[in-house]
Amino acid sequence: MARVYNWQIGREMSYWYPENRPQKQFAAVFDTNKCIACQTCTLACKTTWTSGKGQEYMLWNNVETKPYGFYPLAWDLKLLNMLEGQKWSETDYEGQKLHKYEGSTIFESAPAGERVMGWRPEDQDYSYPNVGEDDCSGQVDGGASFSMEHMAWFYYLARICNHCTYPGCLASCPRGSIYKRPEDGIVLVDSGRCRGYQECVKGCPYKKVFFNMMTGTSEKCIACYPKIEMGIQPQCFVNCIGKIRLADSSRHPIKRTRTTRSITFVHIRKVALLLFPQFGLEPNVYYIPPVHVLQAFTSQMFGPGVAEAVKTYRNAPNDPDLSSLLGLFGSTEMIIPRWKRQGDWVAGMDEKGKEVVRVPLKEPIYIRPAYDKLYQISRTNCP
Ligand code: SF4
Ligand code: SF4
């Protein structure tokens with residue numbers, strides 16, 4: 001085992017291979033507050049990549065309702081129960097305050113003779129992709145009014161492969177069939193080398209590697225890399241009805257304190273967090289946590305920065321830079337690593353600074369008269 005630095009847990013940790021960061025890292029932000037669980041993303045991915053034989057049960061992108069939704073069944077609960085005390089403290093890193101994870105990661109908890117602590121789902125675990133859909137965390141009493149935080153809540157969690165910096169799938173493969181592209185950090189399976197041992201399925205805590213029984217090899221999300229290479233966001237991003245997603249790349253986010261890059265800005269503002277950072281993989285999909293959910297729950301899921309992230313997000317209307325960036329989510333199919341606010345407009349730009357899209361900071365509101373004199377009709381659904 002090598003010693004590597006994991007900024008998400010604020011300390012060094014053990015990993016099977018030495019630290020070898022890519023030149024750029026594919027990264028994304030998902031705003032959980034905007035997801036409506038329409039599953040358009042799921043179907044966009046399914047029809048593009050996993051409509052073949054042996055792929056029927058594969059959902060490289062899925063959207064589950066928390067707290068009771070999971071795909072596969074209880075994927076997160078099982079591992080959380082296996083991990084011992086998940087305590088956090090504070091630490092300094094080059095002048096920045098970071099949260100430090102005091103517990104063990106899945107690499108540090110690996111049983112003797114194994115590289116990663118994990119479990120492999122059985123067929124049954126994949127049989128209920130919509131279990132828990134729209135189930136509330138508790139009874140909603142008659143006449144209960146909405147207040148923050150809600151005592152009864154649910155929210156939607158969209159999930160893809162996190163193209164982790166320290167992937168559990170890659171570490172656990174005895175054949176070295178999984179690799180991370182040096183140019184963009186996308187994690188891929190070399191199907192020519194894969195012999196179907198399924199150690200990756202066991203080693204990915206997010207259960208985002210799937211075994212294809214027809215080909216005898218493992219398969220996973222490829223971040224639509226042919227599109228990324230053309231400067232276009234992946235299928236599940238451009239088809240997202242709720243406009244919850246933004247794709248970009250990041251470079252050593254922890255070393256940056258000023259930037260106009262989209263993902264790094266989100267990171268510096270601390271408005272979005274990572275899914276189960278305590279697992280130790282340094283995942284690269286950031287989540288803006290739901291604002292209405294009990295923070296005891298979201299803090300276990302997204303780490304100790306939830307209260308600050310929710311506060312920052314709720315203050316976005318008073319923070320023109322943050323609200324401009326949030327306004328660009330879902331505004332174009334192109335990757336827009338840079339953006340600039342100009343008056344009441346925000347422009348999204350490509351890597352070279354060329355404007356790709358322009359959106360207003362505030363949507364204009366049009367109120368139409370109930371009776372339209374021009375067409376001599378009455379509208380019944382006007383305010
Ligand atoms: S989410 Fe899972 S499949 Fe994706 S890179 Fe991380 S460990 Fe591998
Ligand atoms: S398409 Fe967007 S809004 Fe619809 S379920 Fe997927 S992530 Fe949520």
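Strands E16 and E17, the latter covering residues 355-360, run antiparallel and are joined by 5 bridges. Keep in mind that this is a predicted model. Glycine 348 has valine 357 of E17 as its bridge partner, and methionine 349 has glutamate 355 of E17. Between the two strands the hairpin has 5 residues, and glycine 353 there takes a positive phi near 90°.

Now the other neighbour of E16. Strand E15, residues 338-342, is also antiparallel to E16, again with 5 bridges. The hairpin of E15 and E16 has 2 residues between the strands, and glycine 343 takes a positive phi near 60°.

Put together, these strands form an open sheet of 3 strands in the order E15-E16-E17, with antiparallel pairing. Which strands stand at the edges? They are E15 and E17; each has a single partner strand, so one side of each has no neighbour in the sheet. From one strand to the next, the twist averages 20°.

What lies across this sheet? Helix H10, residues 320-327, lies across E15, E16 and E17, and runs at about 120° to E15.

Next, the two faces of E16. In general, side chains in a regular strand alternate between the two faces of the sheet. E16 spans residues 345-349. Its covered face has Val346 and Gly348, while Trp345, Ala347 and Met349 are on the uncovered one.

Moving to another part of the chain, helix H1 covers residues 40-49, and its buried residues are Cys41, Thr42, Cys45 and Lys46. Why do they line one face of the helix? Looking down the axis of H1, the buried residues fall within an arc of 130°, so they share one face. The buried residues of H1 pack against strand E4 (62-66), strand E7 (155-159) and helix H6 (235-238).

Last, the ligand. How many residues surround ligand 1? There are 14, and the closest are Cys161, Cys164, Pro167, Cys169 and Cys204. By type, the shell around ligand 1 divides into 9 nonpolar, 3 polar and 2 charged residues.

Notes: Residues numbered from 1 in each chain as written. Chains lettered and ligands numbered in written order. Predicted model: local features only at pLDDT ≥ 70, side-chain atom pairs only at ≥ 80, totals over all residues. Buried ≥ 20, exposed ≤ 12 C-beta atoms within 10 Å, placed from the backbone. Helix = DSSP H or I, 4+ residues; strand = E, 2+ residues; numbered from the N terminus. Pairing = 2+ DSSP bridges. Near = placed C-beta within 6 Å. Nonpolar A, V, L, I, M, F, W, Y, C, P; charged D, E, K, R; others polar. Axes fitted to C-alpha atoms, helices over the stretch in contact; angles between N-to-C directions. Contact = placed C-beta atoms within 7 Å. Arc of directions from axis to C-beta.
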